[in-house]
Amino acid sequence: MRHNKKFNHLGRTASHRAALLSNMANSLIKHKRINTTVAKAKALKKYVEPLITKSKEDTTHSRRVVFSYLQDKYAVTELFKVVSEKIAERPGGYTRIIKTGNRLGDNASMCFIELVDFDEKMAKTALKKATRTRRSKKTSSKVEPAVEEVVSPEEALPSEESQPQG
């Protein structure tokens with residue numbers, strides 16, 4: 001029985017799994033979105049989110065701890081400079097997994113995993129939804145009310161000069 005065994009070994013040895021997750025985390029940090037299987041994405045989420053939380057505090061110790069996991073100084077620099085600024089206010093949940101269907105070759109369930117704050121399409125739709133509610137109507141404050149002109153009864157009757165002759 002598998003009671004209390006939550007870690008997915010992904011069919012690999014410990015060293016192979018560590019290298020796989022490190023490389024995937026580097027790619028995620030550099031490209032902000034990667035396409036992979038659902039099982040690898042879930043394992044990567046558990047691997048990379050504590051590293052992103054660690055990047056909120058920019059100290060030498062936290063940089064060394066993150067570097068021990070990533071083994072890539074360019075990814076560490078990107079994480080501490082670009083990513084940590086965007087996620088500074090977020091209390092957690094830095095990644096999003098979106099399923100894309102099954103792979104043609106072996107029918108493996110595929111998805112892409114992305115950093116939440118770096119998706120421009122989702123940010124634009126969130127801004128559009130936030131600016132307008134269902135019941136509100138856009139009205140301009142500079143619109144003047146329509147004023148009807150008062151016409152005297154003599155002007156309202158057509159005169160003989162204005163009638164067409166025929």
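**Close-up views of a predicted model**

At 2% relative accessibility, Glu 114 counts as buried, because the limit for a buried residue is a relative accessible area under 20%. The views below are taken from a predicted model.

**View 1. Glu 114 and Asp 119 take part in a network of salt bridges.** The side chain of Glu 114 meets that of Arg 96 in a salt bridge, with 2.7 Å from N to O. This pair links distant parts of the chain, since Glu 114 belongs to strand β3 and Arg 96 to strand β2, 18 residues apart. Arg 96 also forms a salt bridge with Asp 119, where the closest N and O atoms are 3.6 Å apart. Here the partners are 23 residues apart, with Asp 119 in the loop between β3 and α5 and Arg 96 in strand β2. Shared partners join Arg 33, Arg 96, Glu 114 and Asp 119 into one network. In total, the structure holds 9 salt bridges. As a general principle, side chains of opposite charge can pair when their charged atoms come close.

**View 2. Asp 119 and Arg 33 meet through their side chains in a salt bridge.** The N to O distance is 3.5 Å. Asp 119 lies in the loop between β3 and α5 (120-131) and Arg 33 in strand β1, so the pair ties together parts that are 86 residues apart in sequence. Asp 119 is buried, with a relative accessible area of 10%, whereas Arg 33 is partly exposed, at 37%.

**View 3. Three strands form an open sheet in the order β1-β3-β2, with antiparallel pairing.** The edge strands, β1 and β2, each pair on one side only. On average, neighbouring strands are turned by 25° against each other, direction ignored. Helix α1 packs on this sheet and touches β1, β2 and β3, and its direction makes about 145° with that of β1. Between β1 and β3 the antiparallel pairing runs over 5 bridges, and Thr 37 stands opposite Met 110 in β3.

**View 4. Helix α1 covers residues 14-31.** At 1.5 Å a residue, its 18 residues should span 26 Å, which agrees with the 26 Å between its end C-alpha atoms. Among its buried residues are Leu 20, Leu 21, Met 24 and Leu 28. Just after α1, Lys 32 takes a positive phi of about 70°.

**View 5. The largest nonpolar core has 29 residues.** Leu 28, Leu 44 and Val 66 are among those with the most contacts inside this core. Its largest share, 8 residues, comes from α2. Leu 28 touches residues including Ile 34, Leu 44, Val 48 and Ile 113.

How values were computed: Residues numbered from 1 in each chain as written. Predicted model: local features only at pLDDT ≥ 70, side-chain atom pairs only at ≥ 80, totals over all residues. Heavy atoms only, no water. Helix = DSSP H or I, 4+ residues; strand = E, 2+ residues; numbered from the N terminus. Expected span 1.5 Å × (residues − 1). Buried < 20%, exposed > 50% of the residue type's maximum accessible area, 1.4 Å probe, protein only. Pairing = 2+ DSSP bridges. Axes fitted to C-alpha atoms, helices over the stretch in contact; angles between N-to-C directions. Contact = heavy atoms within 4.5 Å. Core = buried A, V, L, I, M, F, W, Y, C linked by side-chain atoms within 4.5 Å. Salt bridge = Lys/Arg side-chain N within 4 Å of Asp/Glu carboxyl O. Lists of a residue's contacts leave out its neighbours within four places in sequence.
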